[in-house]
Amino acid sequence: MSKETKTKTVAVALGVCLVCSVLVSSAAVSLKDKQEQNKQLDRLKNILVVGGLYSPKTDIGKVFQENIRPFIVDLEKGAVLPRERFDAVLNTDDFDIKKIASSPRYGMKIPADEDIAGIKRRPRYMIVYQVIQNGAVEKIILPVYGKGVWSTMYGFIALNNDLTTVEGFSFYDHGETPGLGGEVDNPRWKRSWVGKKVFDKGGNVVIEVLKGTVDPGSPKAAHQIDGLSGASLTTRGVDKLVRYWLGDDGYGPYLAKLRQEGKG
Ligand SMILES: Cc1cc2nc3c(=O)[nH]c(=O)nc-3n(C[C@H](O)[C@H](O)[C@H](O)COP(=O)(O)O)c2cc1C
């Protein structure tokens with residue numbers, strides 16, 4: 001092969017690489033919006049799923065509009081934030097947990113000894129959703145998140161309007177191993193949360209995800225969940241994140257306030 005032919009070969013190869021990389025990057029850029037839209041739709045769908053409002057025929061946007069009422073809660077005060085305080089970052093239309101947690105103004109660092117969910121930072125304000133049926137608040141949906149083995153797991157827990165009984169539990173974003181930690185998506189496991197009690201009569205967090213299985217005869221069975229087999233690290237992560245978010249550093253003050261107001 002002559003020197004000139006080698007140069008040509010390299011030039012053609014580089015040209016092909018260039019064309020391909022331009023094609024791939026333009027596809028990635030042009031699909032980004034669509035991916036974001038799909039992610040948002042999936043999040044809304046998950047809210048309806050945990051709220052018990054989803055079936056495959058559901059018009060997600062319509063049902064969300066009609067049956068879900070979002071609020072922003074100041075976690076430390078346990079108070080609902082008035083709409084006048086909404087701005088481009090803090091609002092119910094595009095509340096972005098990751099963005100708000102990392103914001104110097106709206107997020108905060110969690111002291112290491114309090115960070116049982118392993119999330120380092122959290123929003124000072126969280127979005128919560130009321131499920132409205134026949135004009136009444138039937139359930140409340142609370143976003144939760146925390147560290148698994150390979151990922152931060154983002155999900156929702158729905159409580160009955162007694163503010164204690166679980167109505168639904170689901171993650172919408174995680175990177176745990178399919179078949180192991182990924183079993184957090186197992187519908188049977190998710191259903192096992194329904195009916196469990198997260199608080200005792202004194203308002204203390206009592207829900208527990210066990211390493212192992214629940215003894216149905218135990219007096220604690222009403223607030224215990226089976227662990228995922230072969231995935232005790234993810235299981236421990238779920239246990240901790242739920243306990244963190246329902247506790248004093250999470251929705252505790254808000255739920256206590258609702259109880260005081262006789263809404264639980
Ligand atoms: C490739 C690979 C992926 C794993 N993924 C997970 C996972 O997603 N969640 C988890 O808890 N453990 C995962 N493990 C297993 C943990 O290392 C550990 O063995 C397991 O959590 C112990 O659970 P067990 O006590 O129920 O057996 C994975 C292990 C390997 C080798």
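**Briefing: an open sheet, a core and a ligand shell**

An open sheet is built from six strands, ordered β2-β1-β5-β6-β7-β8, with antiparallel pairing. Its edge strands, each pairing on one side only, are β2 (79-80) and β8 (166-173). Two strands pair if DSSP finds at least two bridges between them. The model is predicted: local features need pLDDT of at least 70, side-chain atom pairs count only at pLDDT 80 or more, and totals for chains, interfaces and linings use all residues. Residue numbers start from 1 along each chain as its sequence is written.

**Overall make-up**
- The protein has six helices and 10 strands; these are DSSP runs numbered from the N terminus, with helices being H or I of at least four residues and strands being E of at least two.
- The C-alpha trace spans about 85 × 45 × 45 Å along its principal axes.
- Of the 264 residues, 29% count as buried; a residue is buried if 20 or more other C-beta atoms lie within 10 Å of its own, exposed if 12 or fewer, and partly exposed in between, with C-beta atoms placed from the backbone.
- Among contacts with a separation of 6 or more, 53% link residues 24 or more positions apart; a contact means that two C-beta atoms, placed from the backbone, lie within 7 Å.

**Strands β6, β7 and β8**
- Strand β7 (residues 152-160) pairs with β8 in the antiparallel sense over six bridges.
- Phenylalanine 156 has serine 170, in β8, as its bridge partner.
- Valine 137 belongs to strand β6 (residues 136-147).
- Valine 137 counts as partly exposed because it has 13 C-beta neighbours inside 10 Å.
- Not counting residues up to four places away in sequence, valine 137 touches Gln130, Ile132 and Asn161.
- Asparagine 161 is 24 residues from valine 137 along the chain, and their C-alpha atoms are separated by 6.7 Å.

**Nonpolar core**
- In the largest nonpolar core, of 47 residues, Ile141, Leu142, Ile157 and Leu241 touch the most other members; such a core is a set of buried Ala, Val, Leu, Ile, Met, Phe, Trp, Tyr and Cys residues joined through C-beta atoms within 7 Å.
- The largest share of this core, six residues, comes from α5.
- Leaving aside neighbours within four places in sequence, leucine 241 is in contact with Ala117, Val144, Tyr145, Gly146 and Met153.

**Ligand surroundings**
- Residues around the ligand include Val149, Trp150, Glu176 and Thr177; a residue is near a molecule if its C-beta atom, placed from the backbone, lies within 6 Å of it.
- The shell has five nonpolar, six polar and one charged residues; Ala, Val, Leu, Ile, Met, Phe, Trp, Tyr, Cys and Pro count as nonpolar, Asp, Glu, Lys and Arg as charged, and the others, Gly among them, as polar.
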